[in-house]
Amino acid sequence: MSKYALIWFGLLIAIVIGVIVGVYLWGPRVPDGDPPPVAPKELSEESPDPRLTFDTPFRNVRPDIAFVGDAACAPCHKDLCDSYHRHPMGRSAAYWPSAEHIEKFGDTARATFDGGIGTRYRITEKDGRLRQSEERLGTDGQPIVATDVDAALVIGSGRQARSYACIRDGSVWQTGVSWFVARQRWDMSPGFGPGQHAQRPVTEMCLFCHVGRVERIPGVESRYREPLFAQQANIGCERCHGPGSLHVGERTDGTKVAGIDTSIVNPHHLKPDLRDAVCQQCHLQGEQQVVRRGRSPFDYRPGLPLEKFITVVLRTAAPGQVLNFVGHVEQMASSKCATGSDGKLSCTSCHDPHRDPPPAAREAHYRQSCQKCHADRPCTLPVPERHAKNDACVECHMPRTATADVSHTAVTDHRIVRRPGKVFVVPPDVAYELPIRSFHAGSKYGPSPEEHIRDLGIALAYLVRLNKARGVNNPNMLDLATDYLRRSTKRFPSDAIAWEALAVVLGADNQAAESLAAAEKSIAVGPAREPALHHAIMTALRLRDLDKARSYARKAVEINPGNPLSRMMLGLVLTEAHEWKEGAEVLRSALSDMPGHPDGRAALAVCLFHTGDRLGSQTEVDRLVAIAPEQANSWREWVRRRTAR
């Protein structure tokens with residue numbers, strides 16, 4: 001395999017890392033079946049805005065109603081606001097200086113720890129700044145290079161764990177270190193490996209469930225308009241009640257209310273499916289979330305169907321296999337308590353979104369929640385056994401898993417099992433046609449058949465990309481993804497995301513020229529998206545079309561200068577094009593944020609050699625060999641061939 005093929009796989013892994021940890025191809029739910037044929041091409045490509053078209057009495061779902069922030073709610077709802085801001089949802093994100101500092105920095109907290117494979121991490125707090133450093137160590141244990149960042153943004157309430165992000169030129173990047181509350185120590189963030197510190201882009205879908213609001217710059221995965229948080233960082237009142245400017249205005253000027261106040265959404269007044277969507281927007285994870293065509297996750301408004309904005313994709317399993325429900329919502333939807341309640345059971349049946357019961361009162365609180373429906377059916381366990389478990393229903397019926405270290409994984413079993421340890425096995429009479437399905441399959445608010453094809457095709461492309469990065473070959477999935485995306489791009493020729501997904505699956509099928517054409521189509525109908533540009537760069541490089549590779553790399557750097565991966569790609573292209581001086585400058589810039597990147601070090605050594613800096617070139621080779629000693633001979637030979645006269 002060529003060196004640039006290795007680069008290709010490495011960059012693919014860098015792009016996909018952090019989306020979902022431990023994805024498997026086969027798992028829960030009944031499939032949708034083969035979608036109907038695509039509608040005629042001449043139909044309009046316009047995607048109507050549900051905020052304008054959905055029939056609802058609530059007037060604040062419209063896109064012209066502004067968000068006002070929690071400060072505007074507090075004068076009239078002080079008690080609720082105060083208690084909510086003590087709730088984990090009310091403490092979902094903060095800038096480090098204003099966050100409650102629960103972290104520790106002593107030896108027992110592992111403020112310095114070994115990350116494995118010659119990597120060491122250091123965490124320090126000084127002068128209001130949280131610094132996190134990843135050091136790559138030589139065989140003598142001394143640092144060779146270090147990635148040192150300000151962890152400016154805190155993600156998470158701190159009940160279970162906290163993650164952190166740095167901000168580079170307006171783009172947001174998750175660091176490789178998290179604080180784990182139960183263990184009271186620092187450790188690597190889930191899904192991170194050595195050399196990946198501060199290299200995971202924090203996408204719009206990531207922030208959607210953790211912060212109040214952001215405005216993403218079109219086409220860019222992790223760059224947002226400044227200020228990053230115009231009103232507040234944390235999830236606020238308006239996430240469940242909708243934008244508040246109409247309500248505040250009418251309450252301020254004394255507008256009379258007859259019946260239900262339709263200037264603001266109260267989820268209590270919603271039908272069960274719309275009520276549940278309010279919680280699902282953040283607590284329904286699935287295997288992947290595909291943003292609907294023409295929409296943004298932040299377009300969603302309480303009172304509207306979530307499936308008009310996001311298609312949440314689940315796994316399916318073969319008859320007789322065990323379903324592994326990962327998230328709370330999927331688990332509860334499978335429970336007999338939910339299926340037998342005719343929509344009465346909801347998240348808020350047990351969880352008060354405004355108040356978090358103190359630890360000493362939680363068992364009694366949840367026992368009372370159970371007894372709302374089961375008061376006439378008392379526990380059958382012997383009294384001593386019940387008392388040994390503090391008479392807590394959840395001890396048997398909603399047991400907790402051993403760890404909360406993996407994000408997006410249910411800690412408490414929300415299937416509400418009758419008997420502990422019960423597993424859900426797919427019935428033998430269930431037929432399966434697809435490896436995935438939509439959580440909202442069958443909803444009257446769901447996408448049209450052709451939109452459904454589009455969303456499933458994009459989800460399949462995501463799995464194909466992960467397969468490629470993991471070296472897994474699944475021809476059936478590849479064929480399905482290609483078929484769905486070809487049909488979708490024919491139906492919606494201006495859908496940049498579908499073209500980008502098609503480029504991915506064609507590339508995985510070794511159709512390089514066709515893959516590049518699809519990526520270029522995505523860029524052309526744009527605005528140009530970073531993933532499409534990255535794919536075009538590497539595919540053009542593979543096809544030895546250096547002019548295209550250079551052009552797309554410059555565009556990627558232009559739209560997001562804070563992304564070191566784009567700068568790294570440009571540096572590699574310039575090296576291949578023998579543009580030594582500029583190549584060295586760009587590679588130095590990229591390596592300042594990705595100092596342990598071996599391909600960048602090797603390319604910089606080549607560029608420095610050809611600009612006459614032989615000492616600098618040898619220094620980079622020495623660093624490269626120290627970073628990757630197991631590949632020392634291979635790298636030396638790679639550099640030698642490109643510096644031979």
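With which residue does Asp187 form a salt bridge? In this predicted model, the partner is Arg110, and the closest N and O atoms of the pair are 3.2 Å apart. Because Asp187 lies in strand S10 (residues 185-188) and Arg110 in the loop between strand S1 (93-95) and S2, the pair ties together parts that are 77 residues apart in sequence. Asp187 is buried, with a relative accessible area of 16%, whereas Arg110 is partly exposed, with a relative accessible area of 21%.

Side chains of opposite charge can pair when their charged atoms come close, and a search of the whole structure finds 43 salt bridges. One of these joins Asp299 to Arg51, with the closest N and O atoms 3.6 Å apart. Since Asp299 belongs to the loop between strand S12 (288-291) and strand S13 (310-315), while Arg51 belongs to helix H2 (residues 50-53), this pair ties together parts that are 248 residues apart in sequence. Asp299 counts as buried at 13% relative accessibility, and Arg51 is likewise buried, with a relative accessible area of 11%. Both residues take part in a network of salt bridges that links Asp49, Arg51, Arg295 and Asp299.

A further salt bridge is found between the side chains of Glu500 and Arg529, at 2.5 Å from N to O. Here Glu500 lies in helix H15 (residues 496-508) and Arg529 in the loop between helix H16 (512-525) and helix H17 (530-542), so the pair ties together parts that are 29 residues apart in sequence. Glu500 and Arg529 are both buried.

Apart from neighbours within four places in sequence, Glu451 is in contact with Arg292, Arg293 and Phe492.

Turning to the strands, an open sheet is formed by four of them in the order S2-S3-S4-S5, with antiparallel pairing. Strand S2 (112-114) and strand S5 (143-150) are the edge strands, each of which pairs on one side only, and the twist averages 20 degrees from one strand to the next. Strand S4 (residues 129-137) pairs with S5 in the antiparallel sense over seven bridges, and Arg131 stands opposite Asp150 in S5.

Terms used: Residues are numbered from 1 along each chain as its sequence is written. This is a predicted model: local features need pLDDT of at least 70, side-chain atom pairs count only at pLDDT 80 or more; totals for chains, interfaces and linings use all residues. Side-chain values use heavy atoms; hydrogens and water are left out. Two strands pair if DSSP finds at least two bridges between them. Helices (H or I, at least four residues) and strands (E, at least two) are DSSP runs, numbered from the N terminus. Axes are lines fitted to C-alpha atoms, for helices over the stretch in contact, and angles run from 0 to 180 degrees between N-to-C directions. Contact means heavy atoms within 4.5 Å. A salt bridge is a side-chain nitrogen of Lys or Arg within 4 Å of a carboxyl oxygen of Asp or Glu. Buried means under 20% relative accessible area, exposed over 50%, partly exposed in between (1.4 Å probe, protein chains only).
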